[in-house]
Amino acid sequence: MKEIRLMKGNEAVAEAAIRAGADAFFGYPITPQSEFIEYLMAENPEERTGMVVLQAESEIAAINMVYGAAGCGKRAMTTSSGPGISLKMEGISYMAGAELPCLIVNVVRGGPGLGTIQPSQSDYFQAVKGGGHGDYKMIVLAPATVQESVDFVKKGFDLAFKYRTPVMILLDGIIGQMMEKVELFEQMPRIKEPPEWATIGKKQGKPPVVVTSLQLQAEEHEKVNLRLQAKYREIEKNEVMCEAIHCEDAEYLFAAFGSAARITRKAMEMAREKGIKVGLVRPISLFPFPYQVINQLAGQVKGILTVEMNAGQMVEDIRLGACGKTRVEHFGRFGGMVPSPDEILAAFEQKIIGG
Amino acid sequence: MAENIIKAENIVFSKTELLSDRVMHYCPGCGHGTTHRLLAEVIEELGIQEETIGVAPVGCSVLAYYYFNVDMTQAAHGRAPAVATGIKRVMPEKYVFTYQGDGDLAAIGTAETIHACNRGENFLIVFINNGIYGMTGGQMAPTTLPGMKSSTSPRGRDIVSMGNPLKISELVATLPGMCYVTRQSVHTPVNARKAKRALKKAFEYQKLKKGTCLVEIVSNCSSGWKMTPVQANKWMEENMFPFYPLGDIKVPE
């Protein structure tokens, strides 16, 4: 049944995984997301739903265990943070190539390198523009609340299976670590009927099922890539998610995703109190990116300030969307620093109003 | 008149249906073809074709799924034991095997190999050890013998600067998770029969969930070693077997 609880982001997402009928979780500890596997181990989902939970020897092993389980048609997932996600990139590329569904949660910390354990949004490029090798795209959802994070577990698995492709929930250390009120959805059954493409043992009279991303003939491999690209265009057509707040009368615009959008919303309200008509656009799906929404709004406003906890990553997509219709500037704190609403407002007044 | 002699009583050999009719891409004399056949025959004899999932590596046997008539997954380089873990954990009643070369299993996949074995994952690892990277053109492998020449050890493997060959089977045999570790070869009919018995035993142990089984096949690589198949087998007997002695390394109690 539905249930309201006060929960830490990481733990709420872990609970959502059990309730979404996930079949398997393979993970490896890394701050700031270790509560995820700790919660699962404590909950013993093997007993609750039959879900398998295993602590792997590495991030690489974890994503490859996900690959194996996903190849059997199972709802498999893993979680990590920046340095661990970098290690998983090989496996993610293989899964995109072999067209396997899975859910990956990145609780982003500051990089590059070992960086810091404080929250950041500096893995935007890695998540949205590739990260692994080859021409592939991953559906990327960026929740701004613990509630959205929970709901996106269910949605993420649905999208992964609808398009047979990896889906990433791009969190950050803030959402992963903070406690919020959350409404948990009811326990869903684990899906028993394996899909046709799953390696579950050869069926009599049918050819064996093969899961692979290898195609040695270039002509054939181009066809595989064309099929993938057609799928990505379909995703772009159907799955764009975006929130626009106070944009109807907006003369200026903020653009931010995830945690940064929550802080920016406060800055927007402060600006409105001063009589400045400013709105906030929050891309929720980062791939597919809401270019059309940005393009429309860009025609209406005198300037856009993109606010990110990085040195300027999503701003490139906002500029692509704005397509020269208006000025787009970036304000960011990074390396684990979180901007305050005052700072954002000051940057807005300096870079957009005064600029 | 050929059809007249094809009577049941005249047939002395027929290919197992567990192997496809695809022409194998392996070099003449290579041990992969024989090992594939033995493995396929074992799966057929045990009647587990519809319950078996194989994992192909990166290396010469990357296309193993072309030849086995069972469901198969192709894994990233070295990751086959992790992929097999994922498969076996969500389908514990199925039979799972990985098929890996020495570079895949004992270099880039060392961590995945050791940890899968240490957890005692209930699957079979078939390990082809020919002391060289075959597919990429004969580079030094973790199993290349001291002094052995390869394209990346052109003056022979110098153990001071390049390290010693890794006896991965002896290494994993020390792990309590291991059920059965054996080293075999397939270069003579007698050896092939022994190897087949070992593979069969490994599947039987898997049914009993006794832990990980690893069957190493010391094999040749006539292309990589730059020898004829006959020379390669002779060289293998004279050089590989003294370093990698054949026989059981760990057997279940």
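Two residues are in contact if their C-beta atoms, placed from the backbone, lie within 7 Å. With that in hand, let's look at how chain A meets chain B: the contact draws 34 residues from chain A and 29 residues from chain B. This is a predicted model, so local features need pLDDT of at least 70 and side-chain atom pairs count only at pLDDT 80 or more, while totals for chains, interfaces and linings use all residues. Residues are numbered from 1 along each chain as its sequence is written, and chains are lettered from A and ligands numbered from 1 in the order in which they are written.

**Chain A's side of the contact**

- Helices (H or I, at least four residues) and strands (E, at least two) are DSSP runs, numbered from the N terminus.
- Those giving two or more residues to the side of chain A that touches chain B are β2 (24-27), β3 (52-55), α4 (59-71), α5 (82-98) and β9 (210-211) of chain A.
- The largest share, nine residues, comes from α4(A).
- This side divides into 19 nonpolar, nine polar and six charged residues; Ala, Val, Leu, Ile, Met, Phe, Trp, Tyr, Cys and Pro count as nonpolar, Asp, Glu, Lys and Arg as charged, and the others, Gly among them, as polar.

**Two helices that cross**

- Two packed helices are described by the angle between their axes and the distance between the axes.
- The axes of α4(A) and α3(B) (residues 80-90) come within 6 Å and cross at roughly 50 degrees; axes are lines fitted to C-alpha atoms, for helices over the stretch in contact, and angles run from 0 to 180 degrees between N-to-C directions.
- That angle makes α4(A) oblique to α3(B), since angles under 35 degrees count as roughly parallel, over 145 as roughly antiparallel, 65 to 115 as roughly perpendicular and the rest as oblique.
- Among the residues making this contact are A:A61, A:N64 and A:M65 of α4(A), and B:A82, B:V83 and B:R89 of α3(B).
- By class, the contact of these helices has ten nonpolar, five polar and one charged residues.

- Two strands pair if DSSP finds at least two bridges between them.
- β9(A) pairs with β2(B) (residues 71-74) in the parallel sense over two bridges, and A:V210 stands opposite B:M72.
- Chain A has 13 helices and 15 strands.
- Seven strands of chain A form an open sheet in the order β3-β2-β4-β5-β7-β6-β13, with mixed pairing.
- Its edge strands are β3 and β13 (285-287), each pairing on one side only.
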